[in-house]
Structure formats: structure tokens, C-alpha cells
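Visitor: I'm new to this one and would like a close look at a single part. Could you pick a residue and walk me through its surroundings?

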Amino acid sequence: MPASATMIGALLGLGTQMYSNALRKLPYMRHPWEHVLGMGLGVVFANQLVKWDVQLQEDLDKMLDKAKAANERRYFDEDDE
């Protein structure tokens, strides 16, 4: 997964920079360092997005487990009394 997120991020950054140059009617590869910078930022963004999604899923699973345990205590433990 990290390799695909890295490639998607690099393409996102490159595409954004090329689109920006096209909108301003400049040559696509006007400043190559801007493309490298855009690709780097895209890679960081995509990888952080993947990490955030994994963390969000873990937090959601914990919250659902807590809610399930609370519901079981509320409804099933009352019968014992």
C-alpha cells in the first residue's frame, strides 16, 4: 500500500503543477524544481492520508467495542439483578 500511495501522491503533485502551468499558459516544464517540489508534497500528503485513515479505523473499532460492551452491561447485566 505505501508504494501505491507514494506513486499516487507523486502523480497528484506533478499533475497539479502541470495544470497550474497550463492554466497560466506557460510551458508545462517551465521550472522543473517546482515539479519535484509538487511531487514531494503530493507524496507526503498521500502517505499522511493513508496513515490517518488507518488511525481513524483503529479509533472507530475501539469506540464500537466500548459501545458494544456498554450496551451489553446495560441490557444483559440488569437481568441478573
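Guide: Helices here are DSSP runs of H or I with at least four residues, strands are runs of E with at least two, and both are numbered from the N terminus. With that in hand, let's go to glutamine 17, which sits in helix α1, residues 2–23. Keep in mind that this is a predicted model, where local features need pLDDT of at least 70, side-chain atom pairs count only at pLDDT 80 or more, and totals for chains, interfaces and linings use all residues. Residues are numbered from 1 along each chain as its sequence is written, and side-chain values use heavy atoms, leaving out hydrogens and water.

So is glutamine 17 buried or exposed? Glutamine 17 counts as buried because its relative accessibility is 15%; the cut-offs are under 20% for buried, over 50% for exposed and partly exposed in between, with a 1.4 Å probe and protein chains only. Setting aside residues up to four places away in sequence, glutamine 17 touches Arg24, Glu34 and His35, where a contact means heavy atoms within 4.5 Å.

Now step back to the whole chain. The protein has two helices and zero strands. Its C-alpha trace spans about 80 × 25 × 15 Å along the principal axes. Of the 81 residues, 12% are buried. Among contacts with a separation of 6 or more, 59% join residues 24 or more positions apart.
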